[in-house]
Amino acid sequence: MRNTSDGLSIAPGRAATQGLNSPAALDRAALPDSEYDVVVVGAGFAGLTAARELGCRGLRVAIVEARDRIGGRTFVAEQDGQKYEIGGTWIHWGQPYVWNEIHRYGLTITESLSGAADTMSILSADGLVTDTAEAIGTDLEQILTAYCDIDGAQGRVAFANPHAASPELLASTDALSLADRFAMIPAAGRQRDLLLSFLTMNAATDPAKGGFHDQLRWWALGEYSADSLLKRLGRYKIAEGTSALALALLKDANADLALGHPVSQISVVDGAVRVRTKAMEIRCKAVVVAAPLNVLGDIDFTSGVSHERLAAQRERHVCAGTKFIARVDRSVGAWVGFAPFPNPLTMVVADREVGGKSVLVGFGPDDSIDLGDIRLIESELRKFLPGVVVEEVFAHDWTNDPYAKGGWTWFSPGQTSRVLNELQTPAPPLFFANTDWASGWRGFIDGAIEEGIRSARDLLSYLRASR
Ligand SMILES: Cc1cc2nc3c(=O)[nH]c(=O)nc-3n(C[C@H](O)[C@H](O)[C@H](O)COP(=O)(O)OP(=O)(O)OC[C@H]3O[C@@H](n4cnc5c(N)ncnc54)[C@H](O)[C@@H]3O)c2cc1C
């Protein structure tokens, strides 16, 4: 198995080692040709799905990826027989596109311990409170229901179809930040802290910067219940790892792949497209741009893209979360910890146990944890788990990663109204596919696959019409 230069591991007494062993790291340095039917820019789930859809229909497809691996904001690191999901991890049968692919490729699921936690803790200004998961879950259910109840029907009427917000709903909710909405409801004590933790976890930023509309969308996608939403957000993982799904899509795409080639320029000349990297120029009939929103501004679209679309592409989403995996010296059981903003760690969950020791996953907002500092991570974890010793950490700094520049998607107040429609509109022969502007599970693996399917469909119609 090869190493990707993404990610790092640290153990006490040794400096952080950059790079992780991953099945997603492949040896594909160059394309064998310079002319294709379609070039797909980016080998995340959106790009790989688009390539599979197009390749299966007999088109000659090249995938050009900036990194030395496939999978984008997901990849599995493997060490000592253990799999560590460094980015996107959890999936659910309520996420239809990814669930379809799980069945298609014969993959299976496994559960994180935290998905059926028996104990939860909240780190508040008054100290650490630990209670049964049932009691804390009831508090979260009550306060999140109040927070999302915009129509006296827990949002079920106003946001009946979470894949398509009505103009009226956007007009009444999109301008609000998470903090604006928080100020509108009575929340006190433990429920207040829990709600602030949950909102910060979801947006991975200061609640004053994250938009309320995205929280409502998650709520509606989660069947208007905190319990049901939590199961969709953090219980079931692909047992074989997310990279196994990425590799299955790549195999089916039958496409040529070049890794380590950031695309710098895309231009349309007389209806044909040129895709440029430092080392290559590729000609094609159409392109699927499957790079994330926060890096689209780094690609020079010399022609073929309207001013309105360019403006929408320049407005970045605000999710800037950190995630790390820490192997600790003890078992903490099926446990979850919450802490409200501005704590550097918003949520810590017990994923599994190996040899009687827990593997924890920690999340924080706004890039507030130095992922290269194991002592800092340990001291933050000790606020939840006094005396705990961290034996090893695995992480990747997604926010400062030049090909992500952020975590999962979270729009700022008003951003959905300002940019979503523009981002979803193709500019033939350029087509755009990324979870960052999906209709449904935007910001999730599911949304990436949705986008790959939609963009391939649009591109095929365009090629048929232009024959
Ligand atoms: C820490 C973290 C935790 C997450 N947890 C979950 C979770 O539990 N469940 C879930 O469903 N989702 C989760 N997500 C979100 C999920 O990982 C993403 O929504 C999904 O993987 C995005 O897929 P994508 O193909 O749309 O975009 P990406 O995965 O970002 O793929 C885009 C690709 O384009 C490439 N690229 C960028 N610029 C260029 C360029 N100039 N030239 C060529 N290539 C370029 C990138 O390198 C990348 O490979 C998480 C994300 C993060 C970061």
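Reply:
**A strand pair and its surroundings**

S7 and S11 run antiparallel, and two bridges join them. Keep in mind that this is a predicted model. Find isoleucine 91 and look across to S11: its bridge partner there is tyrosine 236.

Now widen the view. S7 and S11 belong to an open sheet of three strands. The order is S7-S11-S8, and the pairing is antiparallel. S7 and strand S8 (109-111) are the edge strands, since each pairs on one side only. What holds such strands together? Strands of a sheet pair through backbone hydrogen bonds, either parallel or antiparallel.

Stay with tyrosine 236. Is tyrosine 236 buried or exposed? Its relative accessible area is 9%, so tyrosine 236 counts as buried.

Next come the rings. The structure holds 13 aromatic pairs. One of them joins tryptophan 93 and tryptophan 99. Their ring centres are 5.7 Å apart. Their planes meet at 70°, and therefore this pair is edge-to-face; the cut-off for that label is over 60 degrees. Tryptophan 93 also forms an aromatic pair with tyrosine 236. Here the centres are 4.7 Å apart, and 45° between the planes makes the pair tilted.

Where do these two partners sit in the chain? Tryptophan 93 is in the loop between strand S7 (90-91) and helix H2 (96-104). Tyrosine 236 is in strand S11 (residues 236-238). They are 143 residues apart, and the pair links distant parts of the chain. Tyrosine 236 thus has a bridge partner in isoleucine 91 and a ring partner in tryptophan 93. Tryptophan 93 has a relative accessible area of 44%, so it counts as partly exposed.

Trp218, Trp410, Trp441 and Phe444 are linked by ring pairs into a cluster. Phenylalanine 444 also leads us to the ligand. One of its polar backbone atoms is 3.3 Å from an oxygen atom of the ligand. With arginine 73, a polar side-chain atom lies 2.7 Å from an oxygen atom of the ligand. How many residues surround the ligand? There are 37, and the closest are Glu65, Arg67, Arg73, Val263 and Ile445.

For contrast, turn to strand S15 (residues 281-289). Strand S3 (residues 35-41) runs parallel to S15, and six bridges join the two. Tyrosine 36 has cysteine 284 as its bridge partner in S15. Strand S14 (residues 272-277) pairs with S15 in the antiparallel sense, over four bridges. A hairpin of three residues joins S14 to S15, and arginine 274 stands opposite arginine 283. S15 also runs parallel to strand S22 (residues 430-432), with three bridges between them. Valine 288 stands opposite phenylalanine 431 in S22. Over the face of phenylalanine 432 lies arginine 309, at 3.4 Å from the ring centre.

Cysteine 284 raises a last point. How many disulfides does the structure hold? A search of the whole structure finds zero. Cysteine 56 is partly exposed, at 48% relative accessibility. Cysteine 148 is in no disulfide either, and the nearest cysteine sulfur, in cysteine 319, is 18 Å away. Cysteine 148 is buried, at 0% relative accessibility.

Methods: Residues numbered from 1 in each chain as written. Predicted model: local features only at pLDDT ≥ 70, side-chain atom pairs only at ≥ 80, totals over all residues. Heavy atoms only, no water. Phe/Tyr/Trp six-rings, centres within 6.5 Å; stacked < 30°, edge-to-face > 60°. Buried < 20%, exposed > 50% of the residue type's maximum accessible area, 1.4 Å probe, protein only. Lys NZ or Arg CZ within 6 Å of the ring centre and 35° of its normal. Pairing = 2+ DSSP bridges. Disulfide = S-S within 2.5 Å. Near = heavy atom within 4 Å. Polar contact = N/O pair within 3.5 Å; in protein donor to acceptor, adjacent residues only side chain to side chain.
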